Amino acid sequence: MSSLEDQSRRHVPQHVAIIMDGNGRWAKARGLSRLEGHKQGVKRLRDVIRWARDAGVQQVSLYAFSTENWKRPKVEVTGLMTLMATMLPLEVPKMMEEGARLLTLGDTSKLPWLARKALQRALDATKNNTSIDVILCLNYGGQQEIVGGVKKFCASFSTEKEKEEALAKLSPETFYSYLGREGIYPVDLLIRTGGEKRISNFHLWDAAYAELYFSDTNWPAYTEDDLKAALDDYAGRERRFGQTSEQIQGIVDE
Ligand code: IPE
Ligand code: IPE
Ligand code: MG
């Protein structure tokens, strides 16, 4: 590998998280139903997995349904759940071809039975694939994830003495293990499509140091060039994690 390729590889994010927003607006602008927008959105999802894998991304997490999305009209919630139950089985052969392993984040136990069944089948079928991890975030909320971690932490001690010891050891690093994100890299690049500039309860913990990128393209219209633009932008950034530029570049001592 040439040094230039070496250099560009170093700047490929390991974990790209995407807030796939704008399905409804995309559909409305074309006189279509919101559900038609979601259907087209699923097609983009399939493409993005391939584009991300080809770019060398190891994990891509996709915000498919937030804990707040239950508040949408019942017909849309039912439509989204039905879409998942019917489209997911069709995606599995494609995922096998591409070597994509499916993982999830969020409380999937609250999804309707048919959606859970489709999900479990896809998880089982793809579990040995190694080219890219596709983390579907379903009934996911960053605040809920952190509260879940707090609950697990509190359940980890039963005596006053254990509690004191656990509290003394508690830090962001030790707390992380209670979030149930084993095997998931911290988010390097968080992309939101659809033009809004907010996080909407996605990956709150990792948002501390994820690089943010906002695209005006509505999700159903998202292209490989859009993803490339986000990856190029990321490659040009300097992640300092609180340090100075000189420290990062190794110009000054520790
Ligand atoms: C994102 O698109 C998909 C989901 C939330 C499931 P939206 O449905 O939020 O689309 P807009 O924001 O209304 O255009
Ligand atoms: C975030 O989009 C959730 C998903 C893309 C699944 P929303 O459309 O629900 O976010 P808000 O309501 O505009 O913040
Ligand atoms: Mg939206």
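## Basis

The model is predicted; local features need pLDDT of at least 70, side-chain atom pairs count only at pLDDT 80 or more, and totals for chains, interfaces and linings use all residues. Residues are numbered from 1 along each chain as written, chains are lettered from A and ligands numbered from 1 in the order written, and side-chain values use heavy atoms, without hydrogens and water.

## Ligand 1

Ligand 1 sits in the largest pocket. A pocket is an open set of points on a 1 Å grid over the protein atoms alone, where a 1.4 Å probe fits, with protein on both sides within 12 Å along at least five of seven lines. Sitting there means that more than half of a molecule's atoms lie within 2 Å of the grid points.

The shell holds 13 residues (near means a heavy atom within 4 Å). Asp21, Gly24, Arg25, Arg34 and Arg72 come nearest. By class, the shell has three nonpolar, five polar and five charged residues. Here Ala, Val, Leu, Ile, Met, Phe, Trp, Tyr, Cys and Pro count as nonpolar, Asp, Glu, Lys and Arg as charged, and the others, Gly among them, as polar. Helix α2 gives the most, with three residues.

Oxygen atoms of ligand 1 lie 2.9 Å from a polar side-chain atom of Asp21 and 2.8 Å from an N or O atom in the Arg34 side chain. A backbone N or O atom of Asn23 is 3.1 Å from a ligand oxygen. The protein covers 87% of the 380 Å² of accessible area that ligand 1 has on its own (Shrake-Rupley method, 1.4 Å probe).

## Ligand 2

Ligand 2 also sits in the largest pocket. Its surrounding residues include Asp21, Tyr63, Phe65, Arg72 and Arg192. Strand β2 (residues 59-66) gives the most to this shell, with three residues. The shell divides into five nonpolar, two polar and four charged residues.

Polar side-chain atoms lie close to ligand oxygens: 2.6 Å for Ser200, 2.8 Å for Arg198 and 2.9 Å for Asn69. The protein covers 77% of the 390 Å² that ligand 2 has on its own.

Arg192 belongs to strand β5 (residues 189-192) (a DSSP run of E, at least two residues; helices are H or I, at least four).

Arg44 lies in helix α3. The Arg44 side chain reaches the backbone oxygen of Pro220 at 2.8 Å.

Methods: Polar contact = N/O pair within 3.5 Å; in protein donor to acceptor, adjacent residues only side chain to side chain. 1 Å grid on protein atoms, 1.4 Å probe; cavity = no way out; pocket = protein on both sides within 12 Å on 5 of 7 lines; lining within 4 Å.
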